[in-house]
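Here is a short note for your first look at this model. Please keep the structure open and follow the points in order.

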Amino acid sequence: LVKLCERRGVQLICGRGRFQGPNHLALEDSDYSSVDFEHAIIATGSRPVSPPGLGVRPEGRIMDSTGALALGDVPERLLVVGGGYVGLEMGTVYAVLGSRVTLVEMADRLLPGADTDLVRPLRRRLDELFDAIRLETRVTRAQEDDRGVAVTLEGGNGEERFDRVLVAVGRRPNTDDIGLTEAGVALDDQRLISVDEQRRTSQERIFAIGDAVGGVQLAHKAMHEGKVAAEAIAGRPAAFDPRAISAVVYTDPQVAWCGLTEDDARSQGREVTVTRFPWRASGRALTTGSEDGLTKLIMDPETGRLLGAGMVGRGAEGLIAEAVLAVEMGALAEDLAFTIHPHPTLSETVGEAAELFGGSSTHLGRHKGAGG
């Protein structure tokens, strides 16, 4: 960060800030007592949610994701509370390092935001890697002592003991105690900062981005919002209006998706055409041990326009970028199908999934289930 600021002539001031008006910021723990400004961008992010009764403490055995990233040892038995991004990623890391991991999730599935068919290969892998995965399960009691954490699970068989507990059940915006009222910045009923398409708050010269304004809690979304806000401050036309924002879960296999999901289309009663290209038909996937992977595309049945996409498998983090561009550009299945993808690569699975919109693909031939 220091180097980036130096290259661009940006003065970096460290400290804790609190607005004392629409153009004044008081500072603590800083070389400066205050800063006056013409414009400001609020990018205060979010912090992990700590449910009542779980007693998350920086020095304790019950920890949040911040503590899990700074842990100095590998616990023999680890309980992960939450089956979303953070719980699955951190649970995977510690399982590979040697922990016996049990994961509990209140919902009836892992990764509720992703389509079920994308999660299925990951679930198979986690069933091998974790000691146990318990869905529709709550922690009703967690008591820490010198020997570990005594935990009672809803519907469980009495008390179970773990060396540590990782709580990963969500995040809340850092919008408290930063002087938003004094600055004239409005919040909604969820304590999120209200912004327009330029990320401008109710105070004309103050902008806000990232987790503090809601939406998907992803760094690349916040970075793009920051660029939009900077363009607006510079007087240039700019708006935050993405058709698709990619989501990537860094497990093994990875799961990635963007745009409209099949589950969302179903809940909206929206008719779509879904094509799926299994990676077992990809030579590149076979050579990398990724034959359980899948690429799926979600298209408008009348026009063939790409509305969303998803992948599961090694390298999904890179594959999703082509789909994001296609959704943003309003590309058709035909556009993707006639794009010459390098061979042998996993990127070919995107082109072949698009070919299936017409009923056939190079490596699958005709496929009756293409319009599922």
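Is Cys-14 buried or exposed? Cys-14 counts as exposed, because its relative accessibility is 56%. The cut-offs are these: buried means under 20% relative accessible area, exposed means over 50%, and partly exposed lies in between, using a 1.4 Å probe and protein chains only.

Before the points, a word on the source. This is a predicted model, in which local features need pLDDT of at least 70 and side-chain atom pairs count only at pLDDT 80 or more, while totals for chains, interfaces and linings use all residues. Residues are numbered from 1 along each chain as its sequence is written, and side-chain values use heavy atoms, with hydrogens and water left out.

1. **Cysteines.** A disulfide is a pair of cysteine sulfur atoms within 2.5 Å. By this rule the count is zero. Take Cys-5: the closest cysteine sulfur belongs to Cys-14 and is 9.0 Å away, so it is too far for a bond. Cys-14 is likewise in no disulfide, with the sulfur of Cys-5 as its nearest. Cys-5 is buried, because its relative accessible area is 11%.

2. **Two helices.** Helices are DSSP runs of H or I with at least four residues, strands are runs of E with at least two, and both are numbered from the N terminus. The axes of helix H3 (residues 85-97) and helix H4 (residues 116-129) come within 11 Å and cross at roughly 40°. Axes are lines fitted to C-alpha atoms, for helices over the stretch in contact, and angles run from 0 to 180 degrees between N-to-C directions. H3 and H4 are therefore oblique to each other. Angles under 35 degrees count as roughly parallel, over 145 as roughly antiparallel, 65 to 115 as roughly perpendicular, and the rest as oblique.

3. **What meets at the crossing.** Contact means heavy atoms within 4.5 Å. From H3 come Leu-88, Thr-92, Ala-95 and Val-96; from H4 come Leu-122, Leu-126 and Leu-129. The residues of this contact divide into six nonpolar, one polar and no charged. Here Ala, Val, Leu, Ile, Met, Phe, Trp, Tyr, Cys and Pro count as nonpolar, Asp, Glu, Lys and Arg as charged, and the others, Gly among them, as polar.

4. **Glu-128.** Find Glu-128 in helix H4. Glu-128 is exposed, because its relative accessibility is 61%.

5. **Cis peptide bonds.** Asp-252 and Pro-253 are joined by a cis peptide bond, with omega about 10°. Pro-253 sits in the loop between strand S16 (247-249) and strand S17 (255-259). The bond from His-343 to Pro-344 is also cis, with omega near 0°. Look for Pro-344 in the loop between helix H10 (333-337) and helix H11 (348-355).

6. **Positive phi.** Glu-136 is not a glycine, yet its phi is positive, about 50°. Its loop runs between strand S9 (132-135) and strand S10 (139-145). Arg-191, not a glycine either, has a positive phi of about 65°. Arg-191 is partly exposed, with a relative accessible area of 41%.

7. **Ser-246.** Ser-246 lies in the loop between helix H6 (219-233) and S16. Ser-246 counts as buried, because its relative accessibility is 16%. Leaving out residues up to four places away in sequence, Ser-246 touches Leu-218, His-220, Trp-257, Cys-258, Ile-320 and Val-324.
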